[in-house]
Amino acid sequence: MGRAGSAVEVPEKRGAAPPGYERLAGAIPVLHAPRLENKVREVRDYLAEGYGTLTKILSVESPVIIALLVADEDWKDAPRDNARPYPPGLPYFTRSVEPPALVLPEELSRVFRPRTTATLPLAAWHELAHAFLLSREVVRAPAWLGEFVPQAASAAIARTAGLSLEDHLSRIEKEPGFTMRDFRGPAGARDQMSFQNLLLLLGAAALEEFGEGFLRSIFHDLWGEDEVVDEERAEGLLADALGPGGQEWLASRPEF
Ligand SMILES: [Zn+2]
């Protein structure tokens, strides 16, 4: 709508959100399409839960981030790191705007499975954990480690939030035909999801076995590394973070 009586066109402030988005305050403010008013409260609450839990588990100062809940028709206008729009329905974290933003779709893509009450919060917490990890410089590491960390973190937030993952985890295919360390990209969406689900299974099992302390260790280890983390180093970091018996336990896990 035009501004009646205004002769001068006021330029849209160069911000993170498509024009007309509204802001819902919270630990992480969420900019959202006006028509997503109901969904945004659910998302805001998940993010607040995750933000508080990660800050506590990691003993770090919380990074300043915002979130966007993007309507399907605006997906191509959402901030992102590349010129071309990303596939619809896949949440991501971008540092292309300031403060950096979690970009969440109106509806998760159908590639997300299993579909349970935990699917959306886990996806939101996964991206949130990426945001925490990337709030400091991080060197390159094998994909499985870089994705295991947010998957384990999202399982830890679920525990704190009292969200049982039993049903969700029971629906995961346990033997997709590769292990997390075998997995090689580029892969189709289905295999990507199976890979992420293996990491979630391992993360949840590690929390059961060792408690959540290993998360703090692995985040701080990754922040402390200054050279590319190779396969061997990655395995060593994870085993050490788990603590005594970590290496044997990892070797015994079918996902690993
Ligand atoms: Zn990820």
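Predicted model: local features only at pLDDT ≥ 70, side-chain atom pairs only at ≥ 80, totals over all residues.
Residues are numbered from 1 along each chain as its sequence is written, and side-chain values use heavy atoms, with hydrogens and water left out.

Buried here denotes under 20% relative accessible area, exposed over 50%, and partly exposed in between, with a 1.4 Å probe and protein chains only. When residues up to four places away in sequence are not counted, Phe214 touches Phe148, Ala152, Gly203, Ala206, Leu207, Ala241 and Leu242, contact being heavy atoms within 4.5 Å.

Helices (H or I, at least four residues) and strands (E, at least two) are DSSP runs numbered from the N terminus, and two strands pair if DSSP finds at least two bridges between them. Five strands form an open sheet in the order β1-β2-β3-β5-β4, with mixed pairing; its edge strands, β1 (22-24) and β4 (92-94), each pair on one side only. Strand β3 (residues 66-70) runs parallel to β2 (residues 30-32), to which three bridges join it, and parallel to β5 (residues 101-105), to which it is joined by five bridges. By contrast, β4 and β5 pair in the antiparallel sense over three bridges, with Val103 of β5 as the bridge partner of Tyr92.

In a regular strand the side chains alternate between the two faces of the sheet. In β3, Ile66, Leu68 and Val70 point one way and Ala67 and Leu69 the other way, and all are buried.

The zinc ion has His126 (NE2), His130 (NE2) and Glu147 (OE) as protein donors, lying 2.0 to 2.1 Å from it; donors are N, O and S atoms within 2.8 Å of the metal (3.2 Å for Na, K and Ca), and sites may look incomplete because water is not among the atoms. Since His126 lies in helix α2 (residues 119-133) and Glu147 in helix α3 (residues 143-161), the pair ties together parts that are 21 residues apart in sequence. His126 is buried, with a relative accessible area of 8%.
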